[in-house]
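Open the model in your viewer and keep the selection tool at hand.

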Amino acid sequence: MMRGNGTVVREFVLVSFSSLSSQLQTLLFLLFLTIYLVTLMGNVLIILVTTADSALQSPMYFFLRNLSFLEIGFNLVIVPKMLGTLIIQDTTISFLGCATQMYFFFFFGAAECCLLATMAYDRYVAICDPLRYPIMMGRRACGQLAAASWFSGFPVATVQTTWIFSFPFCGPNRVNHFFCDSPPVIALVCADTSLFELEALTATVLFILFPFLLILGSYVRILSTIFRMPSAEGKRKAFSTCSSHLLVVSLFYSTAILTYFRPRSSNSPESKKLLSLSYTVVTPMLNPIIYSLRNSEVKAALRRAIRRTLGFQKL
């Protein structure tokens, strides 16, 4: 269809990894499918174990369950379509489908940034103000913090997605990415996007950089408190309670900041795809592994769950 001198875009084409050979794309499909299944199973297992085990009912594991729900949603938004582009070469995505994918990518991404900051605050209160921890991190307070983290994704997703897809798309429809991310889609707009790009930078600072600075500030206080502890055992226990979260934060934010805060001149589409794979595909798989392998309480709960399961099977 034509509108004025341009074509009304009704669908987009995801370039994805089409430049690679079919054999290599098949190998990538098998690799990403394996990662996807491991991600789903690992995060579902974390949710089930931390819900069922009475020893894992503290605020830390409540927030961990929320993180696992977010990771599952994050993966469902991106990976199935990416697998389709690799194995059946289904590279087209409708206009509405692209907008929906982008909306939930923004939603889950912003919510995860805020939830990671909330988890850092939980560790800060637990280590730096342990006497007031039961009051400050009660059931109601934890519910409100988790709800605020989830809700934070709505405004950024709504504003960003609505604004982008209100622009005219006049012809080129090849999105040089494996999902509908903002920069490659906005590059197809045939209008002045400078005001949107300023708003997008502001939103990125608010929902990526600001939570990261809160996390950084929390851990500065946490480490300062740990180093002042008199006993080596107390230091070890305190550090072990936040080491998993610190590792997850490092993995998520290092790739996200490199993706969205690098100068355009040094941010080629191929390098951005690799960085995006890190925080959209690899990190969600590693999170449950990190929390299960580095956390003695989770490992103990998993052993109890396995023993109960085997006991039921024997009966």
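Predicted model: local features only at pLDDT ≥ 70, side-chain atom pairs only at ≥ 80, totals over all residues.

Is Phe-169 buried or exposed? Its relative accessibility is 6%, and buried means under 20%, so Phe-169 counts as buried. Phe-169 sits in the loop between H6 and strand E5 (174-175). Leu-188 and Phe-169 are 19 residues apart along the chain, yet 6.3 Å separates their C-alpha atoms.

Next, select helix H5, residues 139-151. This helix has 13 residues. From first C-alpha to last, H5 reaches 18 Å, close to the 18 Å expected at 1.5 Å a residue.

Show the side chains of Cys-142, Ala-146 and Ser-149: these residues of H5 are buried. Why are they on the same side of H5? They cover an arc of only 60° around the axis, which puts them on that same side. An α-helix has 3.6 residues a turn, so residues three or four places apart point the same way.

Turn to the face of H5 that points away from its buried side. There you find the exposed residues Arg-140 and Phe-151.

What covers the buried residues of H5? Select helix H2 (59-87), helix H3 (95-128) and helix H6 (153-164), which are included in that cover.

Keep H2 and H3 on screen for the last stop. Their axes lie 10 Å apart, and the two helices pack at an angle of about 160°. H2 and H3 are therefore roughly antiparallel to each other. Look at how they cross: H2 passes H3 in a left-handed crossing.

Methods:
Residues numbered from 1 in each chain as written. Heavy atoms only, no water. Helix = DSSP H or I, 4+ residues; strand = E, 2+ residues; numbered from the N terminus. Expected span 1.5 Å × (residues − 1). Buried < 20%, exposed > 50% of the residue type's maximum accessible area, 1.4 Å probe, protein only. Arc of directions from axis to C-beta. Contact = heavy atoms within 4.5 Å. Axes fitted to C-alpha atoms, helices over the stretch in contact; angles between N-to-C directions. Parallel < 35°, antiparallel > 145°, perpendicular 65-115°, else oblique. Left-handed = near helix turned anticlockwise from the far one by under 90°.
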